[in-house]
Amino acid sequence: MAFTCINSEISDRVAKISLTRGKMNPLNRQMLGELCTALGQHEANDNVRCMILTGNDENFCAGADIKEMANREFVDLVKNDGFGEVTQALRSCRKPIIAAVRGLALGGGCELAMMCDIILAGNSAKFGQPEINLGLIAGIGGTQNLTRAVGKSISMEMNLAGRWLSAEEAQNFGLVSRVVDDAQLRSESEQLAKRISEKPPLAILAAKEAVLRAAEVSLSEGLLHERRLFHALFATRDKDEGIQAFIEKREPRFQGR
């Protein structure tokens with residue numbers, strides 16, 4: 001499928017999705033639809049083991065297309081569950097997704113990044129939920145995922161006062177994994193994705209599932225779920241290969257079986 005608002009490519013078992021809708025990459029229905037399609041394609045492709053979501057050389061995404069939003073009404077949003085499709089597409093994706101963020105990640109852009117599994121930030125990155133300035137609130141996880149990432153107080157300040165976080169602040173508050181120079185962001189994200197793609201695929205799926213479960217259940221339920229996934233991996237050939245490779249002091253050859 002040909003895309004007009006994003007680019008999608010695969011190399012070395014890593015899929016890279018780039019937002020390409022102008023300097024600010026404003027989110028509109030077409031871009032979100034194309035993003036959902038690309039995510040679905042890569043999720044179904046056995047040759048893809050990890051994904052990268054990024055913007056252009058200047059910005060990740062400055063938020064929703066305000067001109068398009070100006071024409072949307074309550075009934076339309078409720079009938080079509082506005083922004084529900086992309087939320088479901090990202091939340092249901094079992095393969096790891098790395099957000100590589102340079103420049104602005106505001107509103108829906110910040111929320112897209114937070115729905116990824118790991119955020120790497122260039123030193124120019126800025127994160128914020130400025131919807132309050134439009135008489136709105138975040139609608140794709142900016143009150144929920146942000147609070148789980150940075151805590152109540154910072155989330156309140158960002159959602160109530162429209163505060164932006166610098167890349168360094170985002171790292172200090174636990175929103176991003178690490179900060180790198182803008183010039184190194186692409187190579188760092190690709191290297192991380194490559195490292196992940198070389199790990200046993202079934203164990204990667206289990207690890208992601210277990211970590212995400214931690215935010216939604218009690219500790220006792222989370223520990224039980226983790227233990228059951230750990231037990232299940234003993235039925236895989238990759239477990240046998242990993243242990244044998246360790247004993248033989250060689251690199252493992254994981255097949256996802």
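Rings of Phe, Tyr and Trp, the last represented by its six-membered ring, form a pair if their centres lie within 6.5 Å, and a pair whose planes are over 60 degrees apart counts as edge-to-face. The legends below describe a predicted model.

**Figure 1. The aromatic pair of F230 and F234 in the predicted model.** By the rule above, the count comes to 1 aromatic pair. The ring centres of F230 and F234 are 5.2 Å apart and their planes stand at 75 degrees, so the arrangement is edge-to-face. Both angle and distance are judged against the cut-offs of within 6.5 Å for the centres and over 60 degrees for the planes. F230 is partly exposed, its relative accessible area being 49%. F234 is likewise partly exposed, with a value of 47%.

**Figure 2. The charged end of R72 over the ring of F83.** In this view, the charged end of R72 is placed over the aromatic ring of F83. The separation from the ring centre of F83 is 5.8 Å.

Figure 3. The side chain of N28 reaches the backbone nitrogen of M31 at a distance of 2.8 Å. Leaving aside residues up to four places away in sequence, N28 touches C5, R21, D65 and E68.

**Figure 4. G22 and E58.** G22 is also found in the loop between β2 and α1. G22 is partly exposed, at a relative accessible area of 47%. Along the chain, G22 and E58 are 36 residues apart, and their C-alpha atoms are separated by 9.9 Å.

Figure 5. Along the principal axes, the C-alpha atoms fill a box of roughly 60 × 45 × 40 Å. Of the 257 residues, 43% are buried. Among contacts between residues at least 6 apart in sequence, 66% join residues at least 24 apart. The accessible surface of the protein chain comes to about 14,000 Å², and carbon and sulfur atoms account for 53% of this surface.

Terms used: Residues are numbered from 1 along each chain as its sequence is written. This is a predicted model: local features need pLDDT of at least 70, side-chain atom pairs count only at pLDDT 80 or more; totals for chains, interfaces and linings use all residues. Side-chain values use heavy atoms; hydrogens and water are left out. Rings of Phe, Tyr and Trp (its six-membered ring) pair if their centres lie within 6.5 Å; planes under 30 degrees apart count as stacked, over 60 as edge-to-face and the rest as tilted. Buried means under 20% relative accessible area, exposed over 50%, partly exposed in between (1.4 Å probe, protein chains only). A charge sits over a ring if NZ of Lys or CZ of Arg is within 6 Å of the ring centre and within 35 degrees of the ring normal. A polar contact is a pair of N or O atoms within 3.5 Å; within protein, one must be able to donate a hydrogen and the other to accept it, and residues adjacent in sequence count only if both atoms are side-chain atoms. Contact means heavy atoms within 4.5 Å. Helices (H or I, at least four residues) and strands (E, at least two) are DSSP runs, numbered from the N terminus. Accessible areas come from the Shrake-Rupley method with a 1.4 Å probe; for residues, only the protein chains shown count as cover.
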